[in-house]
Every structure is written in structure tokens, then in C-alpha cells.
Amino acid sequence: MQTTSWRPDAVDTTVPSVARMYDYYLGGSDHYAADRVASEELLKRVPSTRALAVNNRRFLQRAVRVLARDYGIRQFIDHGSGLPTRDNVHQVAQEVDPGSRVVYIDNDPIVLAHGRALLEEDDRTAVVQADLRDTGGILRHEETRRLIDFARPVAALFVSVLHCIPDESDPAALLRRVAGSLAPGSFLVVCQLVSDRPEIRGYVTDFMAEATGGAWGRVREEHEVRAYLDGFEILAPGLVEVSQWRPDSDLAPVQQTDEWLEWGGVARIG
């Protein structure tokens with residue numbers, strides 16, 4: 001596997017990045033030695049992590065396809081998008097309607113650089129470097145305002161990212177802020193890492209916080225994710241382990257182990 005040799009001046013590549021670790025698990029090439037070491041160390045304790053990342057990516061693609069095809073959504077804001085890979089949000093949405101517009105949000109400068117290079121010929125897609133908690137800044141950003149019409153429904157994606165948000169930043173309040181800025185008929189796509197095993201929650205939370213220099217929140221429990229979406233209409237089949245959310249067929253891969261899960265679903269606003 002080839003790995004990236006480009007190192008932007010603003011990035012300390014000796015500190016693992018969640019986005020680059022995710023890229024490693026998906027078989028990408030945009031990661032460094034520190035990311036690979038941390039990823040392999042995590043696999044020793046939580047061996048389902050790579051399969052979990054793959055299933056999570058497939059959930060993202062299915063949710064975008066369903067919202068574009070069945071609900072007519074043509075605008076997407078992907079919070080914590082990570083590094084570009086195959087079948088990105090804009091590619092899935094534009095298969096349904098080539099006019100679909102997507103804004104990717106991430107705070108990793110490598111995501112910004114690689115994303116802009118990939119998307120430079122697509123004027124319906126933009127990458128914005130921002131902290132996903134900065135709702136006002138994201139909504140006011142010139143690229144967001146260029147692409148997104150907030151008088152029309154939008155899908156706001158928070159896929160495998162809320163576990164990076166610490167409790168003091170209140171993930172539920174973040175979702176409410178975003179939902180409150182969107183037109184009726186918009187959607188939230190939400191999932192995060194959960195476990196019903198305290199030792200797994202504690203180990204992964206501590207490991208990732210130390211490995212990433214504090215760029216981490218917490219592995220949570222299912223009831224906490226459910227509380228994020230109190231008051232919203234949850235689309236069938238509800239909040240589930242993500243490989244079980246509207247699988248493409250009975251033969252689609254499912255999560256085989258349960259030490260931790262990506263758990264969530266899709267909620268309608270208004």
C-alpha cells in the first residue's frame with residue numbers, strides 16, 4: 001500500500017489523526033506512521049474496528065442515497081467528513097441528481113488540501129476547514145452560502161464524528177443548533193461509537209484521547225445517542241447498529257462482533 005509523503009507545514013504528523021486513522025482502516029493512502037501505529041494498537045484490543053469503519057462508510061453511502069432518491073434532498077453538509085475516498089457523499093448524491101450540492105467540513109488541514117484537489121473541477125462541492133462545533137461560522141462561510149439554500153431542505157451529516165466531541169461541548173446541543181438553522185423537511189444523519197461494556201468504553205476513550213493529543217470525546221452508550229434525537233421523527237428502522245440500517249440486500253455485510261458498535265440512524269426535522 002502506498003502512503004502519503006506530502007506533509008503540510010501546519011500538521012504535526014507524529015500525532016495520530018482520527019481522520020487519517022479512519023483512512024487507514026478503509027484501505028486509503030493518506031496516513032502516516034503515527035496513524036498506522038495507533039490504528040494497529042487499537043485493533044489489538046478492539047479487533048472489530050476495521051470492519052466497523054467499513055460498515056460505517058457503507059451506512060453513510062446508503063443514507064445519502066436514500067435521502068437523495070426517496071426524499072428529494074439535493075443539499076448536504078457533511079460535518080467531520082474525513083479524507084476523500086471512493087463513493088464520497090457528492091458522488092453518491094450526484095448519481096441521483098447531478099445538480100446535488102455538498103459542503104464537507106473538517107478541521108484537519110490535510111483533509112482540506114486533499115479534498116480541494118479532488119473537487120477542484122466540481123463547482124457544486126466545497127471543502128471548508130472548520131471546527132464542526134462552530135455552527136455559526138460554518139453556516140456563514142462563503143462556500144456554504146454559495147452552495148446551500150437554507151430556505152430548502154438540507155441533510156446535515158454527523159457520521160462517526162460525535163464521539164470526537166467532549167461532553168462539555170454538548171453534542172446534543174450541537175445537533176439542536178444545526179437543526180434549528182435548517183428548513184422544515186431537512187434531515188440529520190447521526191451515528192457514533194457506543195458500547196455496553198464499561199471496560200471498552202474506558203479503554204478506547206483513554207487510548208484515543210492520549211493518542212490524538214486530546215482530539216477526542218467519549219465512547220458512549222445507546223441511550224445517550226437516543227437522547228441526542230429526542231423530539232425528532234426517526235425514519236424506519238429506527239436507531240440501530242448501522243449495518244442494519246436499510247441494507248441493500250440480505251447478503252449485505254453485518255457487524256459480526258459487539259465489543260463496540262456504530263449506532264444511529266436518520267431523523268427528520270419539522
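Good morning. Two residues are in contact when heavy atoms of theirs lie within 4.5 Å. With that term in hand, I shall present this structure, which is a predicted model.

Which residues does threonine 205 contact, leaving aside its neighbours within four places in sequence? They are Trp216, Gly217, Arg218 and Val219. The side chain of threonine 205 also has a polar atom 2.7 Å from the backbone oxygen of arginine 201. Is threonine 205 buried or exposed? Its relative accessible area is 13%, and because buried means under 20%, threonine 205 counts as buried.

The largest pocket has a volume of about 920 Å³. Its lining comprises 46 residues, and those closest to the centre of the pocket are Ser17, Val18, Ala19, Cys164 and Ala215. Two helices, H1 (18–25) and H3 (49–71), each supply at least two residues of this lining. Sorted by class, the lining of the largest pocket has 26 nonpolar, eleven polar and nine charged residues.

The second largest pocket has a volume of about 190 Å³. Which residues line the second largest pocket? They are Leu26, Val54, Arg57, Arg58, Gln61, Thr85, Arg86 and Asp87. In this lining, two residues are nonpolar, two are polar and four are charged.

Next, the aromatic residues. A pair of aromatic rings is described by the distance of the centres and the angle of the planes. The structure holds four aromatic pairs, and I shall describe two of them. One is formed by phenylalanine 59 and tryptophan 245, with 5.7 Å from centre to centre and 85 degrees between the planes, an edge-to-face arrangement. Where do these two residues sit in the chain? Phenylalanine 59 is in helix H3, whereas tryptophan 245 is in the loop between strand E7 (240–241) and strand E8 (261–268). They are 186 residues apart, and the pair thus links distant parts of the chain. Both phenylalanine 59 and tryptophan 245 are buried.

Another edge-to-face pair joins tyrosine 71 and phenylalanine 187, at 5.2 Å centre to centre and 65 degrees between the planes. As to accessibility, tyrosine 71 is partly exposed, at 29%, whereas phenylalanine 187 is buried, at 1% relative accessible area.

Helix H8 is mostly covered, for seven of its ten residues are buried. Which residues of H8 are buried? They are Pro171, Ala172, Ala173, Leu174, Leu175, Val178 and Ala179. These buried residues pack against strand E1 (75–79), helix H6 (135–140), strand E4 (155–159), strand E5 and helix H10 (222–228).

Between H8 and E5 runs a loop, and leucine 182 has its place there. Leucine 182 is buried, with 8% relative accessibility. Not counting residues up to four places away in sequence, leucine 182 touches Phe150, Val154, Ala156 and Ile269. Its C-alpha atom is separated by 9.5 Å from that of aspartate 149, which is 33 residues apart from leucine 182 along the chain.

I close with some details of the backbone. A cis peptide bond, with omega about 10 degrees, joins alanine 236 and proline 237. Proline 237 is found in the loop between strand E6 (233–234) and strand E7.

Serine 160, which is not a glycine, has a phi near 55 degrees. Serine 160 has its place in the loop between E4 and H8, and it is buried, with a relative accessible area of 16%. Arginine 246, likewise not a glycine, has a positive phi of about 45 degrees. Arginine 246 is found in the loop between E7 and E8. Is arginine 246 buried or partly exposed? Its relative accessible area is 28%, so arginine 246 counts as partly exposed.

Thank you for your attention.

Conventions. Residues numbered from 1 in each chain as written. Predicted model: local features only at pLDDT ≥ 70, side-chain atom pairs only at ≥ 80, totals over all residues. Heavy atoms only, no water. 1 Å grid on protein atoms, 1.4 Å probe; cavity = no way out; pocket = protein on both sides within 12 Å on 5 of 7 lines; lining within 4 Å. Points joined across faces, edges and corners; volume = space filled by probe spheres on them. Helix = DSSP H or I, 4+ residues; strand = E, 2+ residues; numbered from the N terminus. Nonpolar A, V, L, I, M, F, W, Y, C, P; charged D, E, K, R; others polar. Buried < 20%, exposed > 50% of the residue type's maximum accessible area, 1.4 Å probe, protein only. Polar contact = N/O pair within 3.5 Å; in protein donor to acceptor, adjacent residues only side chain to side chain. Phe/Tyr/Trp six-rings, centres within 6.5 Å; stacked < 30°, edge-to-face > 60°.
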